[in-house]
Amino acid sequence: DLDRFEVHTNFTNTVMQIHRFSTVDLVDPDKLSVLRAVFFQPEQLRPGQTTTGLTEEAARQFARLADMLRARGVEPQCAAHFLTKIIFCLFAEDVGLLPRKHFSTIVERTSQKPEEFLRYTGQLFEAMAHGGTSLLEDILYFNGNLFADAEVLELTAEELTVVREAGKFDWSSIEPAIFGTLFERSLDPSKRSQIGAHYTHPDDIRAVVEPVLMAPLRREWEDARHKVLSLAEQRKTAKKSQAERLKNQMYKTLLDVLDRLSRMRVLDPACGSGNFLYISMNLLKDLEKEVSTFSGNMGLTSLLYQVTPGQLYGLEVNTYARELAQTAIWIGYIQWHHKNGFPIQRNPVLQPLDTIHNMDAILDLSDPANPKEPDWPDADVIVGNPPFLGGKLLRTNLGDQYVDALFRLYAERVPAEADLVCYWHEKARAMVAAGHA
């Protein structure tokens, strides 16, 4: 299209901004200055608001909404499930999975009519659960358990105003790894110690995930890349039949790398809202894209993308944190495709993420008379930030029955009154020793 221009900013850790104008608009000095900046001074187009800043402000809005719901006695798990659905709707409309501003329009038009918000939002949730229509617009089939029920909380006019204001953010740029932790803290003060009291910044998460998960994979990729380049050199002087065999070897080498990435299993046995898993997936997707791009540059077929959320395994004792982890991972997966210009799967948009388990990672008390050590899923790597709790504080926080059972089960492996985090390290060590990680 030679008549229209779109400039999409993509500065690290900033909210994407889109400048749209046509050839006719170039008589406007402001529009012309955007085009000039692209070629000569791109820094002029750097947005003032960072992704982190946007995420923190959005989280504050939902923290306020969660406080309002709690103040009028709404059960925290019910409130959390509903707020998660709202978050996903705001995200979905900004990445094009819902019709543009569809949910925001419902909120805007019913902000002073709570009973109508209940009706129209219920219709939208029902359509997202099974596919259908809402406000006479076609709605994709989302699935993924999040919309398995169409339950809607009745919000007050004041609460709807908060949702309306939150809808003004660019939710396509929300950072799931930050948002999850900030949001979960706001839900129930009595549960904060269970769900992410130890906030881990994404940079710190990468400092763990890079050497544990990515460094070995990058070494393997570098070896494969050099092999392909060597085969490409041989092809230049090879006869036709031999050149075809060399090309097939190049292709198979790259497919083997992608197959390896698609089979990597990452376990976070104290996953909270899924921050470590979300960032692990993003790094795997980035390397997958690098391999596919290299394939295209070598004159080979661009390869399909195979890394999916189903490779991520998590254990989490809190029911809501588990649900939030599933949602954050799916948002991150969709967001990666959206930002990198790749199509997003549809029909359904989401899949159930049954690899995130709601369970205690170090002690199984399902049969209180016979406590046992829980099994962890097999994985290639184990990452995460398990909870720290000093040995002298164990009984106060966890109770005598729990601590006595813990001490008996791990008597020969973890000293009594060691910090709680040591049990995760011992479990991980045993997994590695047994060849299960």
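## Pairing of β6 and β7

Glu316 stands opposite Asn358 in β7. Leu315 faces His357 of β7 in turn. Strand β7 covers residues 356-358, and three bridges join it to β6 in the parallel sense. Strands pair here if DSSP finds at least two bridges between them. Strands (E, at least two residues) and helices (H or I, at least four residues) are DSSP runs, numbered from the N terminus.

This is a predicted model: local features need pLDDT of at least 70, side-chain atom pairs count only at pLDDT 80 or more, and totals for chains, interfaces and linings use all residues. Residues are numbered from 1 along each chain as its sequence is written, and side-chain values use heavy atoms, with hydrogens and water left out.

## The sheet and its crossovers

The sheet is open and has four strands, in the order β7-β6-β5-β8, with parallel pairing. β7 and β8 (381-382) are the edge strands; each has a single partner, so one side of each lacks a neighbour in the sheet.

Strand β5 (residues 266-268) pairs with β6 in the parallel sense over three bridges. Tyr313 in β6 is the bridge partner of Leu267. From β5 the chain passes through helix α10 (residues 275-297) to β6, a right-handed β-α-β crossover. Right-handed means that, with the strands pointing away from the viewer, the path from the first strand over the helix to the second runs clockwise. A right-handed β-α-β unit is also formed by β6, helix α11 (residues 319-339) and β7. α11 lies across β6 and β7 and runs at about 170° to β7. Axes are lines fitted to C-alpha atoms, for helices over the stretch in contact, with angles from 0 to 180 degrees between N-to-C directions.

## Burial of β6

Strand β6 spans residues 312-316; five of its five residues are buried, so the strand is largely enclosed by the rest of the structure. Buried means under 20% relative accessible area, exposed over 50%, and partly exposed in between (1.4 Å probe, protein chains only). In a regular strand, side chains alternate between the two faces of the sheet. Leu312, Gly314 and Glu316 point one way from β6, while Tyr313 and Leu315 point the other way.

## Nonpolar cores

The largest nonpolar core has 93 residues, and Phe88, Phe142 and Trp171 have the most contacts inside it. Apart from it lies another core, of 24 residues, including Leu315, Leu389, Trp424 and Ala428. Such a core is a set of buried Ala, Val, Leu, Ile, Met, Phe, Trp, Tyr and Cys residues joined through side-chain atoms within 4.5 Å.

Neighbours within four places in sequence aside, Phe88 is in contact with Met128, Phe142, Leu146, Phe147, Thr327, Ile331, Ile334 and Leu350. Contact means heavy atoms within 4.5 Å.

## Helix packing

The axes of helix α3 (residues 76-94) and helix α4 (residues 102-110) come within 7 Å and cross at roughly 120°. That makes α3 oblique to α4. Angles under 35 degrees count as roughly parallel, over 145 as roughly antiparallel, 65 to 115 as roughly perpendicular, and the rest as oblique. Ile86, Cys89, Leu90 and Glu93 in α3 meet His102, Phe103 and Ser104 in α4.

In helix α13 (residues 400-409), the residues Tyr402, Val403, Ala405, Leu406 and Phe407 are buried. The buried residues of α13 pack against α12 (394-398) and α14 (421-433).

## Ala37 in α1

Ala37 lies in helix α1 (residues 29-40). Its relative accessibility is 3%, so Ala37 counts as buried. Not counting residues up to four places away in sequence, Ala37 touches Pro42, Gln44 and Leu45.
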